[in-house]
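Here are a few notes for you to read with the model open beside you. Take the points one at a time and find each residue as you go.

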Amino acid sequence: MTTTAPQQKSVPGPLLEVSGLTVRAGSSVLIDDISLQIAQRERVGIIGASGSGKSLTCMAIAQLLPEGLTASGSVRMDGEDGNLLTTPERRLARIRGQRTGMVFQEPMTALNPTMRVGRQVAEVLRLHGMSAGRARAEVQDLLTVVGLPDPQRIAKSYPHQLSGGQRQRVVIAIAMANSPDLLICDEPTTALDVTVQATVLDLIDRRAAAADSALLFISHDLAVVARICDRVLVMYGGRIVEQGPVTEVLTKPQHEHTRRLLADADLGGEQSESSTR
Amino acid sequence: MSLDPTARPVDPVTAAPGANRRGPNALLVIGAVIVVAVAVAGVVSFFWTPFDTGFTDTANAKVGMGVGGHLLGTDRLGRDIASLLMAGAKTTLYVGIVAVGIAAVIGTPLGILAAMVPRRYSEFLMRCTDLLLAFPALLLALMFAAIWGGGITTAMIAIGIATIPSFIRVVRSGALVVLESEYVQAARVAGRSRLGIAWNHVLPNVLGLVIVQSSVSYAIAILAEAGLSYLGFGAGLTTPSWGLMLQESQSTLSSYPMITVWPALAIAIAVVGFNLLGDGLRDRFDPRLAGR
Amino acid sequence: MLRRFGIRALVFVVSAFGASVLIFFVLSILPGDPARVALGFGATDESVAALRTEMGLDRPLITQYLSWIGGVLHGDFGRSFSSKLPIGPMLFDRFTVTLWLVLGGVVVALIISIPLGVLAAVRHRKVSGILISGLSQVGVAVPAFLAGMLLIALVAMRWKWLPPNGYVVPATDPGGFVKHMILPWLSLGLVQGAVLTRYVRSAVLDEMGQDYLRTARSKGLRPMQALLRHGLRNASIPVVTVLGVQLVTLMIGAVVIERVFVIPGVGSMLTDAVSNRDLMTVQGIVFVLVLFALLVSFLVDIAYTLIDPRLRAK
């Protein structure tokens with residue numbers, strides 16, 4: 001169980017510091033006493049089987065837990081006073097979209113079906129203080145940068161007129177619009193066709209690098225995490241069971257569960273191409 | 001947590017208090033109790049009411065609760081309100097049963113038919129249903145009253161016919177689900193006749209929906225009857241009816257409000273009762289069928 | 001999109017035609033002799049026969065129908081069996097009055113149900129939310145005419161704030177018109193508002209768990225902002241359907257409310273005609289009301305298409 005990020009220039013302190021994070025549904029504990037740190041520009045992956053609590057962890061950090069779930073512990077962000085878990089919604093709203101961006105698993109439902117794509121992208125710019133005129137121009141740039149063809153037409157489209165991959169690009173454009181310090185990705189490629197998974201992953205990689213964003217990347221796919229992340233946390237049953245630099249964890253797994261994940265991934269490696277859709 | 005409209009919701013009113021098969025749903029029980037109470041009051045009134053409903057206690061007209069042995073007081077003519085309410089419950093039962101009965105008996109087979117026949121026939125049937133939907137109960141009742149004169153029978157038939165479309169729609173959507181199921185597919189492969197499938201598989205499975213719809217339609221029928229009686233095209237002067245009681249109480253409303261309050265309460269409670277019963281039963285029956 | 005509108009318009013026209021046939025034949029085949037009804041039972045056979053000829057009742061039904069529907073298409077609804085006056089002009093006057101009544105009722109219902117429905121959904125686990133749901137459940141159970149009676153007794157009789165009944169033409173005295181209409185509007189609107197509140201609540205509850213609201217919040221919208229900016233439009237899709245049904249219910253509810261408040265609308269014209277067994281007038285009014293119902297469901301369909309871009313493609 002070794003750690004500390006072995007990379008990068010001198011950093012003033014961690015960007016995000018989570019300690020003792022616990023999530024409960026009524027009396028049952030779903031996430032049990034998780035602590036983690038993310039340095040500026042660091043890329044941290046969380047892997048684990050479904051139900052291991054990796055998605056909940058990221059929702060808890062973003063303060064977007066489903067109703068009925070409560071989080072305790074502390075989440076601190078560099079430059080923000082106090083524990084984010086107890087920060088009023090009004091202040092959290094200023095952080096979200098500005099200092100943090102989020103990409104979700106399901107691009108088909110993540111966008112408002114009755115609002116034009118352009119407006120949905122512009123909204124995140126307008127919310128954090130950009131004028132309407134500038135936002136409109138900026139939307140074109142953002143859509144171009146995420147690799148969408150004919151951004152003018154895309155901006156005027158509704159989500160149902162775009163493909164899954166295109167929608168996920170729009171979501172990434174929204175998440176990265178204000179060049180956030182932290183980008184949280186919750187299984188961003190899982191719901192996509194195999195053919196577009198790689199390009200979307202590539203896009204996240206490039207955009208995060210261009211904006212100097214740190215990354216918290218949730219996935220069950222070890223290969224993806226290995227490509228994107230510096231450091232990885234392995235979750236099982238609501239706890240972190242192992243963590244360390246990606247190469248180390250994947251080559252010399254300590255925990256039995258990590259080994260099983262690796263074994264499953266190797267088994268599934270050849271099949272995944274043909275079996276996924 | 002504070003107000004969070006984006007969090008995944010659990011609906012406490014229609015689903016929560018124990019609805020998920022954890023013992024009886026409180027609202028369902030309340031609804032059932034009210035419905036049974038109305039039914040008992042109505043049935044008992046056949047044999048006994050505290051006073052004869054035609055008896056006018058002129059010495060004790062418009063008195064309050066308890067005066068002259070009148071449990072809930074008397075109306076403008078001195079008739080016993082409790083007795084009138086009981087007899088009114090009888091009329092309510094009668095109208096509801098006949099109206100809902102007409103709708104269920106005609107609507108259920110048509111709904112099953114609409115689910116089983118080829119698309120172009122069902123399309124036509126559903127268009128006819130939509131057309132009938134444009135004739136609400138009150139309008140149909142007034143149209144019939146123009147032909148046969150107003151009255152409780154006309155009202156019942158009109159309300160019944162106007163309620164048919166809702167049965168057709170509900171039963172059809174339920175039947176479509178049943179027809180997709182594996183055991184029906186199996187029965188088809190086994191060569192059972194269409195009629196046999198409809199009778200043995202579809203009908204028993206949509207019966208729950210029919211009961212739910214009956215309860216909800218019953219509430220609507222009560223309101224429609226009250227409206228018609230108020231207009232003078234429902235219960236005649238000799239038929240005790242809650243709607244008629246309201247209409248007659250209008251002239252004394254500002255000076256003797258209780259004469260209005262009692263039948264008003266009776267209507268409101270009965271309607272709430274049937275609605276709660278319907279909602280509660282809907283939660284009970286197969287959620288697959290409860291969809292729409 | 002245009003194709004969709006075209007099909008809908010066609011359905012509307014065919015339904016309207018079907019309705020006219022249905023109304024005409026139900027009213028023509030079922031009853032006894034309208035001429036005898038109109039003249040009373042003491043009338044001689046000759047005078048009844050004369051009236052039948054005069055009213056055109058001796059012609060074949062098909063001819064009668066064609067001449068009726070032909071007239072209706074030009075706004076001519078024939079002559080009343082009882083008063084012998086043309087029905088059309090009076091029908092249009094009365095219909096305008098009822099339309100005012102219904103529109104006001106809808107506005108009241110919307111003003112009540114949208115905020116309360118949203119609140120009941122957002123606070124569905126809190127006392128306030130459950131209280132709103134409970135109240136709407138009770139509101140649904142109150143007949144509109146009862147609400148009217150109670151409002152008259154309280155607001156008009158006891159407090160003497162507003163006139164208890166009557167009608168003033170808006171063009172001559174707008175203030176008086178509003179004063180006379182407030183209580184009828186409230187009677188219709190309160191009850192329909194209760195019904196609508198339940199639908200708004202469940203529609204909003206359905207939207208509340210949607211992913212796109214989480215995305216909206218991840219952009220920096222507060223929960224309520226996210227719901228109002230993004231959720232409301234999506235929630236309005238099912239509500240519009242109900243609103244269509246409600247409009248028709250309101251139109252019919254207006255028949256009773258007009259009796260309560262002595263308003264000279266199409267409803268009181270209908271009840272009068274029914275009492276007089278004036279079948280020609282009944283036929284005209286029923287057709288207009290059904291036409292209204294069909295028109296509303298046509299408009300609801302168009303409204304869907306405008307609200308939901310997913311339908312436009314088809």
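1. Start with the aromatic cluster in chain C: ring pairs tie C:F24, C:F25, C:Y65, C:W68 and C:F287 together. Keep in mind that this is a predicted model. Over all chains, the count of aromatic pairs comes to 16.

2. Now pick one pair, B:Y230 and C:F145. Their ring centres are 4.4 Å apart and the planes sit at 25°; stacked means under 30 degrees, so this pair is stacked. B:Y230 belongs to helix α7 (residues 194-231) of chain B and C:F145 to helix α7 of chain C, so the pair joins two chains.

3. Are these two residues buried or exposed? B:Y230 is buried, its relative accessible area being 2%, and C:F145 is buried too, at 3%.

4. Next, the whole contact between chains C and B. Chain C puts in 61 residues and chain B puts in 47. Together the two chains bury about 4700 Å², with 74% of that on carbon and sulfur atoms. Interface size is often quoted this way, as the accessible area lost when the parts come together.

5. How many salt bridges cross the interface of chain C and chain B? The rule finds 1: B:D279 with C:R198, whose closest N and O atoms are 3.0 Å apart. There are also 3 residue pairs in polar contact across this interface.

6. Which element gives the most to the side of chain C that touches chain B? That's α10(C), with 10 residues. The residues on this side split into 42 nonpolar, 8 polar and 11 charged.

How values were computed
Residues numbered from 1 in each chain as written. Chains lettered and ligands numbered in written order. Predicted model: local features only at pLDDT ≥ 70, side-chain atom pairs only at ≥ 80, totals over all residues. Heavy atoms only, no water. Contact = heavy atoms within 4.5 Å. Buried area = accessible area lost by both parts, 1.4 Å probe. Salt bridge = Lys/Arg side-chain N within 4 Å of Asp/Glu carboxyl O. Polar contact = N/O pair within 3.5 Å; in protein donor to acceptor, adjacent residues only side chain to side chain. Helix = DSSP H or I, 4+ residues; strand = E, 2+ residues; numbered from the N terminus. Nonpolar A, V, L, I, M, F, W, Y, C, P; charged D, E, K, R; others polar. Phe/Tyr/Trp six-rings, centres within 6.5 Å; stacked < 30°, edge-to-face > 60°. Buried < 20%, exposed > 50% of the residue type's maximum accessible area, 1.4 Å probe, protein only.
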